[in-house]
Amino acid sequence: MTIETSPEPGATAADEPETETTTALVATGSEWWRSAVIYQIYPRSFADSDGDGVGDLPGITARLDSLAALGVDAVWLSPFMTSPQHDAGYDVADYCDVDPLFGTLDDFDRMLGRAHALGIRVIVDLVPNHTSWDHVWFKEALAAPEGSPERARYMFRDGKGPNGDEAPNNWESVFGGPAWERVTNPDGTPGQWYLHLFDRSQPDLDWENPWVRQQFLDILRFWLDRGVDGFRVDVAHGLIKEAGLPDYTPPEGGGSMGGGVVGLEPEILADATLDPPTPPYWAQDGVHEIYRSWHAVLEEYEGDRVLCAEAWVEPLTKLARWVRPDEMQQAFNFTYLEAGWSAAQLRGVIDTSISAFATVGAPSTWVLSNHDVVRHATRLALTAENPQGDGLGPDSPGLPDRAAGLRRARAATAVMLALPGSAYIYQGEELGLPEVVDLPDDARQDPTWFRTHGARYGRDGCRVPIPWQAGATTYGFGPAGSTASWLPQPGDWDAYARDSQEGVPGSTLSLYTALLALRSQYALGTGTLEWLPGYGEDVIAFRNNGVVVIANAGTTPVELPAELPGQVLVASEDLGEAALAPDAAVWLLA
Ligand code: NOJ
């Protein structure tokens, strides 16, 4: 990586409110993560080798060849560490071991070895904001007296009111309900309260405590020593809380996973001049010195490693602070994810993303789906608002027709995979999977569902185990004959199964495979985007490294350049008479 000093480009992410430094450092380089396509494996729903209904590490190892055939550069694995699974593994009880549900450390090493042999890098999930309440650090904290070093690992506070029976402040959990839980002292009397921004089984660590910081430096080294290529950092905007923990009431419309700040529209959030209020638990300036220290740890290791921030921070110019040259390498672009299927919104978000990240020399990332959001084959065609994290049920308003949703999703993916930077895809989207909206209530497992007493469905609908084989029990998710699946799979998924789509022209799997091969062939990930005027308001049209991309987000067909046919590289739908139908996208040789 080279680091150059560039002229101060005005109001940019390089502005440093928390320090006196204002120099804009621009880093450029050829590291793999700048342009990689990274496939998210959600281990519990990917492939189950032992038939217990939960996917596992040997299952992943056995299926890695199919990801190599798809053409991904890296995988990111959601947590598989020891956990009581109250939040599907995002409640970690031992950061340096594998939960028996998923296998053993030896299974992890075998998976990593196989991935590397196939040329696939491996990123693991690190959850630093909170531990599980089963973690020995928390158990020791509960057993220790108030004011002890053990309690100082977490955010314990006295309650308010004469008997201390009111929570220390008014903060709410992202999953619903209060963000504080009162403990009972060893002698049975009511004790202090502890903060949990998520479930009550996920107590927040106190990152002002140097002891906590040191533990995580050791955890980073543990996985780096095993050979991982990087970390996806959970809640990377939440580690530091404002001093004094002041009351805070989020504006109406906020409340997404980690709090899209105020729930504004993406075209507004793409506005670099906007400075929405900062909640006292998100995006505090103090988080950055933590990531600088992590950056230094990664530098101790040979090769290019990556830290990717899961930081729901808006606008993008502010998010870019997470990827300054001495901090993280990537941050998920949730403003892009939250854009609708609208040419104007997408143009705005794409422009702002590229320029905001460029001011700090970082690539933009792109993402349409993950394990926390409604799958984009459903989301992009919803006709009613669905705040992120609420999920969908059978009675949710605005549910789209499956075919219409898939059509938009394929077009949107064709746009995303043509953009310069790094793209994340979520397991199952390459099969065109929709959100499962009709899970029985008693099958739901997301803490959001329980903490809101069913008012929010939560995220189970995008987490259903994926189908590999038509006609097989569990669609081949589990071993032959196994019928166990931790969430029930719909009865009509044969057509989505991987083996129904492999090598089939026009299938979503064939589309993704072609897009990834062409993206690599034309080096689109390291290219430059140039907008093409003249196609109309509802059309996204740009050139990148000799490939012209045209997507029709409107309602009437769009004429393609006269020199067609003969130059089509790939299209999300069959092309009509030199016209691009609504909700279709095409890549042409420029
Ligand atoms: C973000 C993760 O993606 C989500 O699944 C989890 O529930 C929260 N962080 C809490 O760890």
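Modeller: Here it is; bear in mind that this is a predicted model. To start with the ligand, one of its oxygen atoms is 2.8 Å from an N or O atom in the side chain of H371.

Colleague: How far is the polar side-chain atom of D234 from an oxygen atom of the ligand?

Modeller: That distance is 2.7 Å. The side chain of R459 also has an N or O atom 2.9 Å from an oxygen atom of the ligand.

Colleague: And how much of the ligand's accessible area does the protein cover?

Modeller: The protein covers 100% of it, the ligand having 300 Å² on its own.

Colleague: Which residues around the ligand come nearest?

Modeller: There are 14 residues around the ligand, and the nearest are D87, R232, D234, H371 and D372. By class, the shell holds seven charged, five nonpolar and two polar residues.

Colleague: Switching to helices. How do α11 and α14 sit relative to each other, parallel or antiparallel?

Modeller: The axes of α11, residues 402-416, and α14, residues 508-521, cross at roughly 10°. Angles under 35 degrees count as roughly parallel, so α11 and α14 are roughly parallel to each other. Their axes come within 10 Å.

Colleague: Which residues meet there?

Modeller: From α11, L406, R410, T413, A414 and M416. On the α14 side they meet T508, L511, Y512, L515 and R519.

Colleague: What classes do the residues of that α11 and α14 contact divide into?

Modeller: Six are nonpolar, two are polar and two are charged.

Key: Residues are numbered from 1 along each chain as its sequence is written. This is a predicted model: local features need pLDDT of at least 70, side-chain atom pairs count only at pLDDT 80 or more; totals for chains, interfaces and linings use all residues. Side-chain values use heavy atoms; hydrogens and water are left out. Axes are lines fitted to C-alpha atoms, for helices over the stretch in contact, and angles run from 0 to 180 degrees between N-to-C directions. Helices (H or I, at least four residues) and strands (E, at least two) are DSSP runs, numbered from the N terminus. Angles under 35 degrees count as roughly parallel, over 145 as roughly antiparallel, 65 to 115 as roughly perpendicular and the rest as oblique. Contact means heavy atoms within 4.5 Å. Ala, Val, Leu, Ile, Met, Phe, Trp, Tyr, Cys and Pro count as nonpolar, Asp, Glu, Lys and Arg as charged, and the others, Gly among them, as polar. A residue is near a molecule or strand if one of its heavy atoms lies within 4 Å of it. A polar contact is a pair of N or O atoms within 3.5 Å; within protein, one must be able to donate a hydrogen and the other to accept it, and residues adjacent in sequence count only if both atoms are side-chain atoms. Accessible areas come from the Shrake-Rupley method with a 1.4 Å probe; for residues, only the protein chains shown count as cover.
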